[in-house]
Amino acid sequence: MTSSGRRNGGDVASCCFNGPKRLLLFVIEGSTSAEIIQLDKSLNTVLPEEVSDDGKQAASDLEGLRQFRFTENKTLLDSLNSDSIGSFVTFVNKTIAHQSTAEGKGITEAIVGLQSNFLLTTRNEVGEQCYHERDCVMVEIKTQQGHDCATELRVQDNKDGSYEVRYFLKDTEKCQLSVKANGEHIRGSPFNIETKPRQFRPLLSFGKGGLLSGPYGVAVNERDEILVTDTNNHRVQVFNSDGTYLRSFGKKGDEQGEFDCPSGIAHDKNKNIIVVDTNNHRVQLFSDQGEYLSQFGGKGNLDHQLTSPRGLSVDCNGNIIVAEDDQKCIKTFSSHGQFLYKLGEGEGEGEAFTAPRHCIQYNKHLIVSDSGEHCIKVFDINGDFLYKFGNKGNGDGQFNGPRFLSVNKAGHLMVCDRNNYRVQVFELSGKFVTKFPNRGYGQVVFYCPTSTAVLSDGRIVVVDWMNARIEILGTNTEITQLDTSLNTVLLEGVSDDGKQAASDLEEGEQYYHERDCVMVEIKNQQGLDCVTEVRVQHNKDGSYKIRYFLKNTGKCQLSVKANKEHIRGSPFTVETKPRQFRPLLSFGKRGSSVGMFRCPYGVVVNERDEITVTDTNKQRVQVFSSDGTYLRSFGKEGNEQGREFHCPADIAHDKKKNIIMVETDNHRVQLFIDQGEYLNQFGGKGNLDHQLSNPVGLSVDRNGNIIVADKGNKCIKTFSSNGQFLYKLGEGEAFTAPSHCIQYNKHLIKSDLDEHCIKVFDINGIFLYKFGNKGNRNGQFNEPHFLSVNKVRHLMVCDKNNHRVQVFEISGKFVTKFRKEGSEPGEFCMATSTAAQ
């Protein structure tokens, strides 16, 4: 017997007797991921007695039982006989181009020089997302003349039928975006892109207040760390992209690793830092952490010598290009400091230099700034002069002492026009594109800019020499800051009666006042907060960047007020959508080499988004970046203190950024600094308060105390940050096999392996409630392991033997789950631990 249902908007169940004695039950839900439940019982179990060959029911003892008779629904039967229940529809699950879709602003609009992106989803013939490893996705962005008009076009294959596409637009010509799957255009392709010119405005400024004195050169590494030569302090300083100080190296002197007026700076292919030491007439090389490696040069006019060098760059072969304005030439050295050749000795027009300050290679060109001639000179890769542009003046395309050069994400040349207090932007042909800005006083003006660099997302870093600061410019929105002093904003001043005098400000222009008060609230219909971590970033220019995490679904209202009054359109209605968990990245595989695992178990994320993992069967801890790049590891098998482990399980960070780790089979907790150097330990096998027996889970409470799940002693113990026992939870046979305990707000939340549940206590250890029992349904568990709380304050539980992670409100209400059993990327086989970035 079979019955079948065809899905048509709702959920459909299909039941099938498959073979003589096996019952299969399939449940197909309306979501994109079908949940299939198979009832696997033989008919001997379902039907207690066999059925005889002649179809008569075997004898059974039914005396004394109430008799039942089934009465059929004739109308329903007639309807089924005439219309049938439905039928199965078959289709091939392969990518169909015209069903595939692209979503995101990047298919309709782009700003020159800023990253644009969109999401491509490949779909089958019924419109469902599908993936095949042999699918070929092609993206092209062309002008009307058929020329490429984008740089750094990247397609990231997420291995699930979705592709993240990123690109930087080069110019404002009309462009067409073609997206093809397996050689055919997807739905809507080709797309017309509305191109917009870039508006440069300040996002961030740092370095004033004595932190920098005469900053001159700048470089950006692959981690978007900003390196600055701090000329008057004779050192190099390193900052992250939000201006936070990271480290520095160097002091005044002429010994190895010392500086006297460092100026140009760059990175080589080995991530080493190369610095021009101007008054020591040399170039020095350092590791990316500032450790001295080597040097070359020395004062003189021989080919291998230098005299007051300034600018520095690295060409496509890793050679080092040095600008010597005293010797009026450009010299190129190998990465080991061996002289190779020089530029500037020719006698033809444009071939000689007066005061060369910088030279960079871009594609097949060498581009030189000449401060003495106030122009830019362009040579081919062999050093043959091609053309020059610019002359002395302050008009567009003119210069007054041009300094260092760089090329932005749009492939445009940026020239620091120092004595005109601006940066000018050109096509490589010398055609003027734009500039930013002119001399003045305030947040958006430069006073002798000397150097620029480009961050990975297209933002521009500018060294403002005389203002002793670093400026970061660029945004994904077109907002132009009004760059005028109060004399131009208010022509007449303010009269005594409080009335504003005439001004030339047009209505709706961006405006900033340091006393402005901006308030943001997001409430549900009941007036309750429905977000976490609302952050308002004040850019000091009349713009504010606002971030938040939504807690749950349901309509919300977003109120935005300036000086207690709603802004235009406020309050806004926020359409909320449930979160869809899908794999983005997978790293690590079975093995013993670094970056590989033999039973990873615990995980924690630090403030730098570094991912630290206990590699249990390899008796070590490994650290990775957020993109899965291996960074470092520590530990080996043993029981000595420090760097020796036996079955490391859970891991956490304390307030001092130290790493705290549970060693199950050594019955102890060890503490390390964030680089893996041993600090101390506590515990030891036993059942006394200060001892541990097969501890498993670990966390740190809001006071910095260390909470340990002491599985062998069937309790939760809390220790001070120095390892002193404070108190325990679970006496009186309260726990069977505690796996983990975390503090969240005023609750202690504990997972119990053997009871297959989550128990919740108040901050004093008084039991409040529990939820869950053994099973594989939503809200049930099979050996729940480690716990964590995500950005929307939902509890995530690793339901190990159900091969999934379940998500709950703190009350125990089920929210969602993510799972797919297996060993492929995005699939789970015994999930043990989670962490949120």
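View 1. Another stretch to treat the same way is residues 476-507, where pLDDT is below 50 and the model has 37 contacts beyond near neighbours in sequence. This is a predicted model, and for the protein the mean pLDDT is 81, with 82% of residues reaching 70 or more.

**View 2. The whole chain, before zooming in.** What is the secondary structure made of? It comes to three helices and 63 strands. Of the 837 residues in the protein, 45% are buried. Take the contacts between residues at least 6 apart in sequence: 45% of them join residues at least 24 apart.

**View 3. Lys435 and Asp396, a salt bridge between a strand and a loop.** Here Lys435 pairs with Asp396, with the closest N and O atoms 2.9 Å apart. Lys435 sits in strand E32 (residues 432-436) and Asp396 in the loop between strand E28 (385-389) and strand E29 (402-407), so the pair ties together parts that are 39 residues apart in sequence. Are these two buried or partly exposed? Lys435 has a relative accessible area of 32%, so it counts as partly exposed, and Asp396, at 46%, is partly exposed too. The structure holds 36 salt bridges, and this pair is one of them.

**View 4. Asp464 and Arg469, with both partners buried.** The side chains of Asp464 and Arg469 meet in a salt bridge, 3.1 Å from N to O. Asp464 is buried, with a relative accessible area of 0%. Arg469 is buried as well, at 7%. Elsewhere, salt bridges that share partners link Arg223, Glu225, Arg247 and Asp288 into one network.

View 5. Zoom in on the side chains of Glu225 and Arg223 and you'll find a salt bridge of 2.9 Å, N to O. Which side of the pair is buried? Glu225 is, with 10% relative accessibility, while Arg223 is partly exposed at 41%.

**View 6. Ser100, tucked in and in contact with several residues.** Ser100 belongs to the loop between helix H2 (74-83) and strand E3 (101-103). With a relative accessible area of 0%, Ser100 is buried. Its side chain reaches the backbone nitrogen of Arg123 at 3.1 Å. What else does Ser100 touch, leaving aside neighbours within four places in sequence? Besides Arg123, the list has Thr95, Thr121, Thr122, Ile186 and Arg187.

View 7. Look for Gln256 in the loop between strand E16 (245-249) and strand E17 (262-267). Gln256 counts as exposed, at 54% relative accessibility. Not counting residues up to four places away in sequence, Gln256 touches Gln284, Tyr292 and Gln295. Leu285 is 29 residues from Gln256 in sequence, and the two C-alpha atoms are 9.9 Å apart in space.

View 8. Val534, Val536, Ile546 and Tyr548 make a nonpolar surface patch of about 280 Å². Strand E37 (531-538) and strand E38 (544-550) are the elements giving two or more residues to the patch. Val536 lies in strand E37 and is partly exposed, with a relative accessible area of 38%.

View 9. The bond from Ser189 to Pro190 is cis, with omega near 0 degrees. Pro190 lies in the loop between strand E10 (184-185) and strand E11 (191-196). Ser570 and Pro571 are also joined by a cis peptide bond, with omega about 0 degrees. Pro571 is in the loop between strand E40 (565-566) and strand E41 (572-574).

**View 10. Two histidines with positive phi.** Where does His374 sit? It is in the loop between strand E26 (365-370) and strand E27 (375-380). Phi of His374 is near 55 degrees, a positive value in a residue other than glycine, and His374 is buried at 14% relative accessibility. His803 also has phi near 55 degrees. The loop that holds His803 runs between strand E61 (795-799) and strand E62 (804-808), and His803 is buried, with a relative accessible area of 14%.

Technical notes. Residues are numbered from 1 along each chain as its sequence is written. This is a predicted model: local features need pLDDT of at least 70, side-chain atom pairs count only at pLDDT 80 or more; totals for chains, interfaces and linings use all residues. Side-chain values use heavy atoms; hydrogens and water are left out. Helices (H or I, at least four residues) and strands (E, at least two) are DSSP runs, numbered from the N terminus. Buried means under 20% relative accessible area, exposed over 50%, partly exposed in between (1.4 Å probe, protein chains only). Contact means heavy atoms within 4.5 Å. Patches are made of residues with over 30% relative accessible area and no salt bridge: like charges are joined within 9 Å, nonpolar side chains (Val, Leu, Ile, Met, Phe, Trp, Tyr) within 5 Å. Accessible areas come from the Shrake-Rupley method with a 1.4 Å probe; for residues, only the protein chains shown count as cover. A salt bridge is a side-chain nitrogen of Lys or Arg within 4 Å of a carboxyl oxygen of Asp or Glu. A polar contact is a pair of N or O atoms within 3.5 Å; within protein, one must be able to donate a hydrogen and the other to accept it, and residues adjacent in sequence count only if both atoms are side-chain atoms. pLDDT is the predictor's confidence in each residue, from 0 to 100.
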